[in-house]
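Work through the exercises below with the sequence and the structure side by side. Try each task on your own before you read its solution.

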Amino acid sequence: MKALLIRDLQLAMRAGGGFGLGLAFFLIVTALVPFGVGPQSALLSTIAPGILWLGALLACLLSLDRILALDWEDGTLDLLACAPLPMEATVSIKAFAHWLTTGLPLVIAAPLFGLLLNLPSAGYIPLVLSLLLGTPALSVIGTFGAALTVGIKRGGLLLSLLVLPLYVPTLIYGAEAARRGAEGLSSTTPLMMLAGITFGTIALLPFASAAVLRVNIR
Amino acid sequence: MSLWEYANPVKFMALSGRVLPVVAVLSGLCLVVGLVWGFFFTPDDFRQGSTVKIIYLHVPAALMAINVWLMMLVTSLVWIIRRHHVSALAAKAAAPIGVVMTLIALITGAIWGQPMWGTWWAWDPRLTSFLILFLFYLGYIALWAAIEDNDSAADLTSILCLVGSVFALLSRYAVNFWNQGLHQGASLSLDKEKNVADVFYQPLLFCIAGFVLLFIALLLLRTRTEIRVRRTKSLLARERMA
Amino acid sequence: MMPDLGKYAGSVLSAYGASIVFLIAIVVLSVVQSRRAKAALKDVEDRRND
């Protein structure tokens with residue numbers, strides 16, 4: 001298990017920028033928003049939590065097809081299917097590796113990008129907390145989507161179409177927590193709901209992903 | 001004699017061939033009676049004026065939009081558990097009908113909302129949930145279309161339908177939490193006090209029956225199409241082998 | 001015969017129009033697909049029986 005995790009992490013570090021790409025994308029999205037809506041700082045600070053959440057979500061989405069596509073192409077997945085490790089564990093580790101390489105950097109970078117968008121000072125802690133709680137769900141759900149579309153050529157667009165509706169609850173609670181925090185309200189309730197969704201998906205969705213992957217490998 | 005017998009395509013074709021015309025005629029009758037009654041012979045609402053007539057399309061379509069997804073959920077489960085091909089094909093056949101029902105509900109809702117709420121669209125929980133449901137339908141259909149192997153496609157779409165149902169439900173509650181609505185509560189209720197007035201209720205029942213029957217008729221027709229398409233494919237494959 | 005729809009005539013009529021167009025579209029589409037499938041199957045089966 002550890003070997004697989006380390007291998008995935010090393011590959012992500014090495015394979016020509018899969019690691020930094022998500023972050024760079026996140027930066028570009030945040031930088032483009034003021035061009036789109038205008039530079040008024042009052043407006044920016046009200047929409048900042050939502051934009052940061054949306055940016056993180058899109059950056060996550062962008063890197064989803066890397067989770068499984070490469071291993072599928074070179075046959076690693078077939079080997080993993082024969083390995084003594086159950087498929088559920090493989091899928092969970094892949095999701096975890098994806099989170100470590102895309103989700104976690106996004107969480108760490110989000111406060112910096114918050115500065116760019118004039119996020120009110122009360123909003124930083126809820127923003128980071130909500131991202132920390134929410135991004136694992138994004139990775140796990142994304143792995144499910146990647147497993148669904150792994151056998152399909154040019155499945156990238158389909159992957160987005162399938163995964164984005166599944167992201168709706170996470171996005172709503174996450175962005176709501178960040179928004180309430182930025183307005184100085186208590187964000188405990190949405191954070192609890194977000195945590196519920198995240199832990200629920202982590203516990204249950206790998207079974208669906210593994211089932212789907214077995215169908216695709218068959 | 002059990003329901004499972006009709007998992008056999010031959011038996012299903014024989015039965016559905018006999019049932020289909022009856023259901024189709026009945027659904028046409030109900031729709032004509034309900035819509036004509038509703039459109040020509042019901043009074044205007046004292047507050048909503050003549051726009052209340054939109055209810056005869058909006059409510060049945062919305063009802064079906066959700067129930068079609070539920071039916072797909074059940075047939076997906078049947079496919080996963082008992083692997084009856086007719087069941088998987090019925091789910092595939094139902095999805096486009098669900099899309100149309102969702103679209104009708106959304107469009108009539110927008111047209112109704114414009115004079116009543118002064119806006120075509122509001123990010124109201126019910127409206128938003130329907131939009132999300134619409135996206136789920138699109139993803140489901142796209143996945144069916146993208147996979148070539150029939151059994152894998154049936155497996156993958158069934159699992160997507162199960163997972164999607166859970167997330168659709170989660171979204172429903174998330175959306176409720178996120179915004180308070182303009183939309184009124186449920187129009188139909190067993191509680192007499194909350195139900196719509198009888199003048200509107202009776203033609204509405206006909207319309208609902210018409211929509212349900214129309215769905216059944218279309219479902220049978222489309223499932224028959226899918227079965228035929230699959231048989232044609234396998235015969236062609238056999239021809240090439242020979 | 002036509003009921004008086006008052007100032008909302010446009011809304012009501014367009015809602016009915018749009019819905020009926022959609023319903024007819026899905027019905028026609030299903031019937032056309034069904035016909036096509038039936039013809040294709042008949043074609044293949046005739047060839048097989050020859």
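Two residues are in contact if their C-beta atoms, placed from the backbone, lie within 7 Å. This is a predicted model, in which local features need pLDDT of at least 70 and side-chain atom pairs count only at pLDDT 80 or more, while totals for chains, interfaces and linings use all residues. Residues are numbered from 1 along each chain as its sequence is written, and chains are lettered from A and ligands numbered from 1 in the order in which they are written.

**Exercise 1.** Describe the side of chain A that touches chain B.

Solution. Begin with the residues that take part: chain A gives 20 residues to the contact and chain B gives 21 residues. Next, ask which elements of chain A supply two or more of them, and you find α7 (124–149), α8 (156–182) and α9 (188–217), where helices (H or I, at least four residues) and strands (E, at least two) are DSSP runs numbered from the N terminus. The largest share, 10 residues, comes from α8(A). Finally, sort this side by class, which gives 17 nonpolar, two polar and one charged residues; here Ala, Val, Leu, Ile, Met, Phe, Trp, Tyr, Cys and Pro count as nonpolar, Asp, Glu, Lys and Arg as charged, and the others, Gly among them, as polar.

**Exercise 2.** Find how chain C is placed among the chains.

Solution. Of the two pairs of chains that touch, chains B and C have the most contacts. Chain A and chain C, by contrast, are joined by no contact, and their closest C-alpha atoms lie 23 Å apart. Chain C itself has one helix and zero strands.

**Exercise 3.** Describe the fold of chain A and how its residues are buried.

Solution. First count the elements: chain A has nine helices and zero strands. The radius of gyration, taken over C-alpha atoms, is 18 Å for chain A, close to the 17 Å that the globule rule (2.2 Å times the number of residues to the power 0.38) gives for 218 residues, so chain A is as compact as a globular protein of that length. Then turn to burial, where a residue is buried if 20 or more other C-beta atoms lie within 10 Å of its own, exposed if 12 or fewer, and partly exposed in between. By this rule 50% of the 218 residues of chain A count as buried, whereas in chain C buried residues make up 18% of 50. In α3(A), the buried residues include Trp53(A), Leu57(A) and Cys60(A).
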